[in-house]
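Here is a short briefing to read with the structure open beside you. Take it topic by topic, and look up each stretch as you go.

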Amino acid sequence: MGYLKYLLFRIANAILVLLIVTFIIAALFVKVAEQSNLAKMNDEMMQWDRTTGQNILRTQGQDAYEKAKAEYEEFLREKYELNLPYWQKVYNKAIRTLKLDFGTTTTPIFGTNDVAEIIKVAVPRSVLLFTTATIIVIILGIFLGVRAARHAGSVFDRGLSVFALITYSLPMWWTGMMFLLIFAYKLGWFPLSSMFDPQLTGWAHVKDVIYKLTLPVLTYVFVAFGGWAWTTRNIMIGTLQEDFIMAARAKGIPEHKIIYGHALRAAAPPIVTMIIFALLGSLGGAIISELVFNYPGMGRLYWVALQQNETNLLIGLTYFFTVLYLAGVVLADMIYGFLDPRVKVGASSKM
Amino acid sequence: MRWVDFKEGLKEFLDEFKREKTGIAGVVLLVLLILVALTAPYTTIPDLPEKWRSSAYWEDNPKNVPPTWYNMFTSQKLVPQVVYYKDDLSIAHPSNTETVIEATYNFPDGYYLGPQGIIIRNINVTVNQPANAPTYSLYLERPDGKTVPLVENKPLTGSTTIAVGRDAAISANIYVWLVNVTEGRELDPFQAQMDPIVIMNINTLISTAFAKVEPGMKAEDIINNPEPLWGDYKLVLKIDNPAPDQNKVIIDDIKVTFLGRSYGTMGTDYLGRDLWAGIIWGSRVSLTIGILVSVLSTLIGLVYGVTSAYLGGNVDEFMMRINEIFASIPSLPILILIGATVGHVTLMFIVLLLVIFGWMGIARISRSMALQIKEQTYVEAAKALGAGNGRIIFKHILPQLLPYAFAVIALSVPGAVIAEASLSFLGIGDPTAVTWGQILNAAQTQSATTKGYWWWVLPPGLGIAVVGLTFVLIGTALDKILNPRLRKL
């Protein structure tokens, strides 16, 4: 199977999965929306009954009142899509979502009601925070991991392993709370809330953003780089024991070149996959961490949407996350096939 | 696999495991954790989960105070909780109608503030003749000879609880006394109760009763910045019962609590709950959920992956699509959504949710491993002998993956523990259980971090970290033994 054909197959596959997942998400959220819409409709119905309804009853009599009431109810049912059967609604919602038509929210967030606009505001913020942090983590992790693998068994290697094992067991948001306590409350170096100041522009705004980002970024890096270093170390140790490394060493190639030229290149596919998912994952933000830092990104937005029962926004965000994940899968497959030629002939021919 | 082989293999494995120091450390930690979890009802408060949410149960505890041992590390020492029962009090009957109950309280030298409050509880009264109802007065005699009248001639009814430091009327009385001493003015207690300075400082006015108060000082300065007056204080409760034959006052269960500024091993939260007890009990949920979720999801993933690999062809294709669908649904948001719509969430429901969204990765890895195993000759042989699919999968392929499964189970416990804590932290958790996530959730909603209540935030997370570390240590040791490439080191 050629590379292109392999790729097309993977893309078609991802699209199929996306279709199914979209329907599942729509089915879940429509169910939730149905309940809240019914409650909203009943509220409006009562409101109408108290004002307009009583008015009609007094002036035009019972019959006219009944008729007007039925009409209004019909109007509301249509407005809240309660007249359609459940599966019809799910289908409509899923199709609209696939067309990226997410609809609007009931209350404005970030000064707009349009779900797509809201997501557009929040994404760059999460990118700013988590992508920056992820890049630092990747660079630091790979560098330290390679170093540990070269001096396997040394004090540095052991220390790194212990650090990695401990940070692996820490929830990021708890570490955030602790960092807030130490660096923001006790020492006062950083702000307690990472919400941006909307009044600032220009250089002052940049300074404000950097000041408020530092603590969340530090937290992320602190929790994540140990695990990265440890994984890199393990992959590298495996590669360093391969025959071709022995051969290169026997040929007298400088150690530095063996590590970065031969070994790291051979170890690249799994590391690249990790990088892709880490970077894509960073776009989504981390719900709880953003809550803890009170940072106005995607994660906090998701939480706000849940609290305010904004079904359209929830579907939009969930769809965004899903697309990201699937794009990551395809991208990883693509690069994997590119870096490791065996994939094209081996795994895919068996698929 | 014969029994003898199994025994042999196990022995060999145990010998190797004993050589892994990290693994041994993990096992020791695990045993300790299990002991802590099992003995929680005996070492702390029995039936804690039922009491945890009832704020009445914790009323005799100070609120938001650090642990007592913190005094060792700080220059501003904080008084601990002191409780008196009937035998610790001196009870006198100067006359037939009078009862005087005295408690001697020592405000130790060098401490920063006096108690957070005084609570007197369980004075039970049966009134048969309301016209002659018994009354009580409460005074605080200070080391400088001054006496603070806290309550004067108030009728006793039913079961009386006196809460100095929380009762607005008592705080007003303290303010009246304070102004009287410093400025010589007599305030009307009812008027004082409306005074903004009293309303603002209901809970802190008690400090002035334990502070230096001299004529000429400014009342407001003392309220804002009380200077401690160390020494022996005497709390005097006078009960006047004009008709002792009809109206009975029973003080057998009396309990006088001087609320501390520090409490117990881990301090208290905003309701006065003993955080130490909460942390200990939380280990039960954490361990149970962590182990249950990782075992179940590993087993499901293993069987799923192996089945998919073994059956191959279109079935494999179909099963892997389902796997991808589950993997691509963003799990935390969906978990939050489901939890929020279901309403009452039980622990088993959380386990179920975490398993449903947790088996995919293991299924993928075990599938790729099974793809290699299924090509081996003995599988072919079994097939040729007419063994069924189920038999080959469960008897021939799965046992090969079992050692790997143990490492995966151990390594996925931290993730499950963190996942449960995350859900509880977001307020989606079993309301009848006490979990670390819920303690942290309360800390977050009460903004404990921005107020500096470290004793409320630090321990639950450390608990999560310790559970995580335990299983990571065991898991990596297993991994090293079972993954020969890393073993060379």
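## Chain B: annotated stretches

In chain B, the unreviewed UniProt entry marks "transmembrane region" at residues 23-45, 289-312, 332-359, 401-419 and 453-478. Please keep in mind that this is a predicted model.

- Residues 401-419 of chain B are 100% helix and 0% strand, with 26 Å between the end C-alpha atoms.
- Residues 453-478 of chain B are 96% helix and 0% strand, and here the end C-alpha atoms lie 39 Å apart.
- UniProt also lists "domain: ABC transmembrane type-1" for chain B, at residues 283-475, again from an unreviewed entry.
- Across residues 283-475, chain B is 84% helix and 0% strand, while the end C-alpha atoms are 20 Å apart.

## Chain B: overall form

- Chain B has 19 helices and twelve strands.
- Its radius of gyration is 32 Å, well over the 23 Å that the globule rule gives for 489 residues, so chain B is more spread out than a compact globule.
- Along the principal axes, the C-alpha atoms of chain B fill a box of roughly 105 × 50 × 40 Å.

- Leaving aside residues up to four places away in sequence, T432(B) touches P49(B) and H344(B).
- T432(B) and K451(B) are 19 residues apart along the chain, and their C-alpha atoms are separated by 28 Å.

## Chain A: annotated stretches

- For chain A, the "transmembrane region" feature in UniProt (unreviewed entry) is placed at residues 7-30, 127-148, 160-189, 209-230, 271-293 and 313-339.
- Residues 127-148 of chain A are 100% helix and 0% strand, with the end C-alpha atoms 30 Å apart.
- Residues 313-339 of chain A are likewise 100% helix and 0% strand, and the end C-alpha atoms are 38 Å apart.
- The annotation "domain: ABC transmembrane type-1", from an unreviewed UniProt entry, covers residues 123-336 of chain A.
- Over residues 123-336, chain A is 83% helix and 0% strand, with 27 Å between the end C-alpha atoms.

## Chain A: overall form

- Chain A comes to 15 helices and two strands.
- The radius of gyration of chain A is 27 Å, well over the 20 Å that the globule rule gives for 351 residues, so this chain is more spread out than a compact globule.
- The box filled by the C-alpha atoms of chain A, taken along the principal axes, is roughly 105 × 60 × 35 Å.

## Where chain A meets chain B

- Helix α1 (residues 3-60) of chain A and helix α10 (residues 313-328) of chain B have axes that come within 9 Å and cross at roughly 60°.
- That angle makes α1(A) oblique to α10(B), and their crossing is right-handed.
- On the α1(A) side the contact residues are F9(A), R10(A), N13(A), L16(A), V17(A), I20(A), V21(A) and I24(A), and they meet E317(B), R321(B), E324(B), I325(B) and S328(B) of α10(B).
- Sorted by class, the contact of α1(A) with α10(B) has seven nonpolar, two polar and four charged residues.

## A helix pair within chain A

- The axes of α6 (residues 172-186) and α7 (residues 202-240), both of chain A, come within 9 Å and cross at roughly 130°.
- α6(A) and α7(A) are therefore oblique to each other, and they cross in a right-handed way.
- From α6(A), the contact uses M172(A), T175(A), G176(A), F179(A), L180(A), F183(A) and A184(A), while α7(A) supplies L215(A), L218(A), T219(A), Y220(A), F222(A) and V223(A).
- The residues in the contact of α6(A) with α7(A) are ten nonpolar, three polar and no charged.

Note on methods:
Residues numbered from 1 in each chain as written. Chains lettered and ligands numbered in written order. Predicted model: local features only at pLDDT ≥ 70, side-chain atom pairs only at ≥ 80, totals over all residues. Heavy atoms only, no water. UniProt positions renumbered as here; feature names shortened; annotations may be inferred. Helix = DSSP H or I, 4+ residues; strand = E, 2+ residues; numbered from the N terminus. Axes fitted to C-alpha atoms, helices over the stretch in contact; angles between N-to-C directions. Parallel < 35°, antiparallel > 145°, perpendicular 65-115°, else oblique. Left-handed = near helix turned anticlockwise from the far one by under 90°. Contact = heavy atoms within 4.5 Å. Nonpolar A, V, L, I, M, F, W, Y, C, P; charged D, E, K, R; others polar. Rg over C-alpha atoms; globule rule 2.2 N^0.38 Å.
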